[in-house]
Amino acid sequence: MRCLVTGATGYIGGRLAPRLLNEGHAVRCLSRSAARLRDAPWADRVEIAEGDLTSYESLRGALDDVDVAYFLVHSLGRRDFEELDRRAAENFATACREAGVRRIVYLGGPEPPPGEQASAHLRSRTKVAKILLGSGVPTIVLRAPVIIGSGSASFEMLRYLTERLPAMVTPRWVSNRIQPIAVRDVMRYLIAAATMPAELNRAFDIGGADVLTYADMMARYAQVAGLRRRIIMPTRVLSPWLSAFWVGLVTPVPNGIARPLVASLVHEAVANENDIAAYAPEIEPLGFEQSVQFALGKVRNADVETRWSNAAGRDSAAEPLPSDPDWSGGSVYVDERCQEVKAPVESLWRVIEGVGGENGWYSFPLAWSVRGWLDKIVGGVGLRRGRRDRQRLRVGEALDWWRVEEIVPGKLLRLRAEMRVPGRAWLEMTATEDGDGRSVYRQRAVFLPRGLAGHAYWASVLPFHGIVFKGMARNIGLGAETAT
């Protein structure tokens with residue numbers, strides 16, 4: 001069959017696309033920017049269509065000759081995510097019906113118990129499910145609770161909370177029951193949904209083999225990870241808002257995403273039925289410990305396929321860098337550095353591409369850490385997102401508080417800042433050959449201020465640039481020379 005995958009740059013879609021290919025299906029991926037899929041290892045095996053789900057006109061053509069359309073997008077992290085998700089679902093439903101799509105598959109969230117007021121996150125998921133089920137196109141909705149897999153936001157919340165806090169005062173929702181499911185089982189259900197009976201139009205609950213409380217999950221994670229027994233003290237004092245703020249400080253998940261996720265944990269998330277077993281009897285979901293073992297194995301082997309942060313941020317790779325010759329707007333501040341390197345360009349590039357994450361930023365670690373903490377406190381992403389792979393980068397990936405906007409292997413790495421600043425910022429690093437086994441490293445920090453606050457911000461950080469950016473350029477060069 002021909003399958004359309006929306007959200008192919010995201011956590012679930014980025015894993016589903018290659019698995020559909022392995023099942024023998026033809027795959028078309030819908031993305032706001034084709035460049036975001038350029039470096040995916042399976043990109044040359046799929047069709048790529050550019051389009052925005054919030055714009056109905058941009059969907060025309062993308063659904064032509066499609067048998068199964070996967071709706072795997074959400075706007076979590078945006079203040080108006082409910083409205084954006086509703087509009088996207090309505091556009092998608094209409095476009096699928098008019099294109100003659102035979103099946104829609106949607107991965108949603110669990111429904112809260114009767115009588116409980118749903119969180120904004122779950123309310124949005126439920127609304128999207130209703131729109132798609134009422135589209136006139138046979139639709140299968142898979143309602144999944146917490147997903148356990150390397151790189152998932154839920155797993156990283158659990159992992160960092162447990163690993164960094166040997167003793168913790170926890171909110172009362174840690175006593176709620178949850179039925180976590182392994183991401184590999186989610187993939188199997190999504191693939192199976194494509195071949196279920198054509199007339200099927202309904203939602204299914206899916207979950208793993210174990211029903212646990214969040215406190216149980218932290219305790220069992222500690223056992224699997226070889227950590228000492230964690231001390232957990234529930235209290236009624238911590239509100240969901242305060243819990244989300246704490247999660248945002250301790251884990252890589254920023255407040256904008258942690259807040260709706262934590263609010264959803266206030267509800268129990270347990271499958272109310274297992275009807276899907278009649279349609280996919282070959283799938284026997286994994287237990288919690290085995291799910292964690294698989295996820296930790298991927299993390300420790302640096303084999304994380306996709307991360308929750310892949311899809312966060314705007315697609316603006318096509319916009320010009322403000323210091324480019326064709327830029328015609330406002331003031332632009334630039335900090336430029338150049339360093340001659342007594343090492344071949346290949347050695348220099350390895351150091352450049354290894355920037356961030358565990359390797360740090362090669363200069364004044366304390367300054368970077370403090371800036372990351374300040375960003376976290378005001379609701380930004382901070383430095384804790386790290387990187388998906390210790391050595392290789394791809395366009396569209398998150399790198400600490402940056403997003404990889406452009407990469408030309410061996411030559412150029414351009415990063416776009418996603419920290420909270422009154423303006424927009426880029427960091428560009430290039431490597432060029434200089435003959436006789438030498439190379440040249442060039443570094444540009446570009447800032448486009450927004451209003452008076454933007455100009456004041458640049459003036460306040462300018463004294464530090466002489467230390468941080470100068471030291472960064474020098475140490476990148478030294479790193480390349482030492483590695484030669």
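Colleague: What should I know about the model and its numbering?
Modeller: The model is predicted, so local features need pLDDT of at least 70, side-chain atom pairs count only at pLDDT 80 or more, and totals for chains, interfaces and linings use all residues. Residues are numbered from 1 along each chain as its sequence is written, and side-chain values use heavy atoms, with hydrogens and water left out.

Colleague: How many helices and strands does the chain have?
Modeller: The chain has 12 helices and 19 strands. Both are DSSP runs, numbered from the N terminus: helices are H or I with at least four residues, strands are E with at least two.

Colleague: What does the radius of gyration say about the chain?
Modeller: For 484 residues, a compact globule would have a radius of gyration near 23 Å. The chain has 23 Å, so the two agree. The radius is taken over C-alpha atoms, and the globule rule is 2.2 Å times the number of residues to the power 0.38. The C-alpha trace spans about 65 × 55 × 45 Å along its principal axes.

Colleague: Why is arginine 15 called buried?
Modeller: Buried means under 20% relative accessible area, exposed means over 50%, and partly exposed lies in between (1.4 Å probe, protein chains only). Arginine 15 has 5% relative accessibility, so it counts as buried. In the chain, buried residues make up 55% of the 484 residues.

Colleague: What does arginine 15 touch?
Modeller: Arginine 15 lies in helix α1, residues 13–22. Contact means heavy atoms within 4.5 Å. Not counting residues up to four places away in sequence, arginine 15 touches Ser150, Val183, Met187, Val304, Glu305 and Thr306.

Colleague: Which side chain makes a polar contact with the side chain of arginine 15?
Modeller: That of threonine 306, at 2.8 Å. A polar contact is a pair of N or O atoms within 3.5 Å; within protein, one must be able to donate a hydrogen and the other to accept it, and residues adjacent in sequence count only if both atoms are side-chain atoms.

Colleague: Which side chain does glutamate 353 pair with?
Modeller: Its side chain makes a polar contact of 3.3 Å with the side chain of arginine 392. Glutamate 353 is in helix α10. At 7% relative accessibility, glutamate 353 counts as buried.

Colleague: Is arginine 385 buried or exposed?
Modeller: Buried, because its relative accessible area is 2%. Arginine 385 is found in the loop between α11 and β15. Leaving aside neighbours within four places in sequence, its contacts include Pro252, Arg307, Asp400 and Glu418.

Colleague: Are cysteine 29 and cysteine 338 buried or exposed?
Modeller: Cysteine 29 has 0% relative accessibility, so it counts as buried. Cysteine 338 is exposed, because its relative accessible area is 51%.

Colleague: Where is the kink in helix α12 centred?
Modeller: On phenylalanine 464, with a kink of about 50°. The bend at a residue is the angle between axes fitted to the seven residues ending there and the seven starting there.

Colleague: What do the buried residues of α12 pack against?
Modeller: They pack against β14, α10, α11, β18 and β19. Among the buried residues are Trp458, His465 and Phe469.
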